[in-house]
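This report describes selected side-chain contacts, surface charges and backbone features. The sequence and the structure are shown first.

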Amino acid sequence: MSIRGILLAKCLVVLFFCVTGSSDEVYKVLDDFAFLTISDFSIQKTDEIRWYKDNSVIMKLKNNDITNYMKKEAYNMSQNGTLQIHRLVKEDSGNYKVQVYNVEGKLKMEKNFHLIIQDHVSKPKITWTCSKKTVKVICEVNQTDKASIHLLQNNKAVPGNKPASANGKLKIEFTYRNTTFPAKFQCEVKNDADKKTVEQEIRCSGSLDIVLILSIAGGAVFFVIFLALLIYCIRKKRAERYDEEEEERSMQNQKMSDELKYRDLPQVPAHAPQRQPRQQQRPAPQPHPPHQAKLPQPRPRTQPKSPSHMKERQ
C-alpha cells in the first residue's frame, strides 16, 4: 500500500471517530434544570429509547412505559425522549448517551451529551482612583474558578487589558489619560453557564469641585459657630432675665414684710405730752349693809287625813 493510501485510511478512521464519538456540550449552573433533547430525530411510538450516564442505564421508554433505574426524584423522561434532570448538583456532571431502537431491536440513532455543572458567578465591583492627569479603574470579583472578567467603557471592550488572579480574587485594571469624564464603565464576569454585569458612572472632581467642596465645608463650619453663639446668647439673656425677676421678687417680699411690721406696731405722735406715772391707790373700804332681822316664814299647811287612816289608828 502506498503512502497516500495509508494517509487516506488514517484520515477516514479519524473522521469516523469524530463523527461517531462527538458529543454536545451542555453547560448548566447549580440548582438549575437540564433538558437533553433529541428533537432533531423523529421518534415512533413503537421505538425503544434508552438513556445512559457513564455507560449505566438510567431511564428507558418502551411501549409508552417509562422505567427509572437511578434517582427517581432527579431524573425524568417525557414521551418524546427528552431527559429532564431537576435541581442539578456537581455529581450530575458527566457523559450522557441516548439510543433509539426500532421494533426489530435495531439501533436507529445514538447521540452523546457532555453535561458540565458550574457554580454561579459572583457579582463584580468597580472602583476607581482619580489624579490630576490619570484615572485608574479597577474591576474585581471574589472568584477564580473557570470565570473570565472584562472591563468595558460605554459597552465597548477596553483594549490591551489583561486580568490577574491573586488571593482568591480575579481583577482587571486600566489607567486612562486625558479621558473625558464622567464616563460609564461596565464590569462583566461570566463562565460557560452564568454571567453577571455591573455598571458604574465615574466622576472625577476638578479644581472647581474642590473650591465648591471647600466653600460648602466653610459655610457649614460658619453655620455651626453661628448656631452655637445664638444658643449662648439666648441662654445668657434668659439667665439675666431670671436674675432680674428674682431680685425684683425679693425686693417686693422685703417691702411687704416691712409694711407688716409698721402696721403691727402703734405709731407714737411726735408732739404728744408724756404721761405721768400713776400712783397706786388703795381701794376705799366699802360700808357694810345694816343688819336686817329675819322675818318668820309661814308654816306649810297640813293636809287633812282620810277616814281610812283614822280607822286604822283606832
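The sections below cover the basis of the model, its contacts, its charged patches and its backbone.

## Basis of the description

The model is predicted, so local features require pLDDT of at least 70 and side-chain atom pairs count only at pLDDT 80 or more, whereas totals for chains, interfaces and linings use all residues. Residues are numbered from 1 along each chain as its sequence is written, and side-chain values use heavy atoms, with hydrogens and water left out.

Helices (H or I, at least four residues) and strands (E, at least two) are DSSP runs, numbered from the N terminus. A residue is called buried under 20% relative accessible area, exposed over 50%, and partly exposed in between (1.4 Å probe, protein chains only).

## Aromatic pair

Rings of Phe, Tyr and Trp (its six-membered ring) are paired if their centres lie within 6.5 Å; planes under 30 degrees apart count as stacked, over 60 as edge-to-face and the rest as tilted. This rule gives 1 aromatic pair. The pair is tilted, because the ring planes of Trp51 and Phe113 stand at 35°, with the centres 5.6 Å apart. Distant parts of the chain are linked in this way: Trp51 belongs to strand S3 (residues 48–53) and Phe113 to strand S9 (residues 107–118), 62 residues apart.

Trp51 is buried, because its relative accessible area is 0%. Phe113 is likewise classed as buried, at 4% relative accessibility.

## Salt bridges

Side chains of opposite charge can pair when their charged atoms come close. The criterion for a salt bridge is a side-chain nitrogen of Lys or Arg within 4 Å of a carboxyl oxygen of Asp or Glu. The whole structure contains 11 salt bridges. One of them joins Asp47 and Lys108, whose closest N and O atoms are 2.9 Å apart. Asp47 is in the loop between strand S2 (34–36) and S3, and Lys108 is in strand S9, so this pair ties together parts that are 61 residues apart in sequence. Asp47 is buried at 4% relative accessibility, while Lys108, at 33%, is partly exposed.

A salt bridge is also formed between Glu173 and Lys136, with an N to O distance of 3.7 Å. It connects distant parts of the chain, since Glu173 is in strand S15 (residues 169–177) and Lys136 in strand S11 (residues 134–141), 37 residues apart. Glu173 has a relative accessible area of 34% and is therefore partly exposed; Lys136 is partly exposed as well, at 32%.

## Charged surface patches

Patches are made of residues with over 30% relative accessible area and no salt bridge; like charges are joined within 9 Å, and nonpolar side chains (Val, Leu, Ile, Met, Phe, Trp, Tyr) within 5 Å. Accessible areas come from the Shrake-Rupley method with a 1.4 Å probe, and for residues only the protein chains shown count as cover. Lys and Arg count as positive and Asp and Glu as negative, while His and the chain ends are not counted. Each charge is placed at NZ of Lys, CZ of Arg, CG of Asp or CD of Glu.

A negative patch consists of Glu240, Asp243, Glu244, Glu245, Glu247 and Glu248. Glu248 lies in helix H2 (residues 207–264) and is partly exposed at 48% relative accessibility. Arg235, Lys237, Arg238 and Arg241 form a positive patch. Arg238 is found in helix H2 and is exposed, with a relative accessible area of 61%.

## Residues with positive phi

Asp31 is not a glycine, yet its phi is positive, at about 65°. This residue is placed in the loop between strand S1 (24–29) and S2. With 52% relative accessible area, Asp31 is exposed.

Asn64, also not a glycine, has a positive phi of about 65°. Asn64 occupies the loop between strand S4 (56–62) and strand S5 (65–68), and its relative accessibility of 49% makes it partly exposed.
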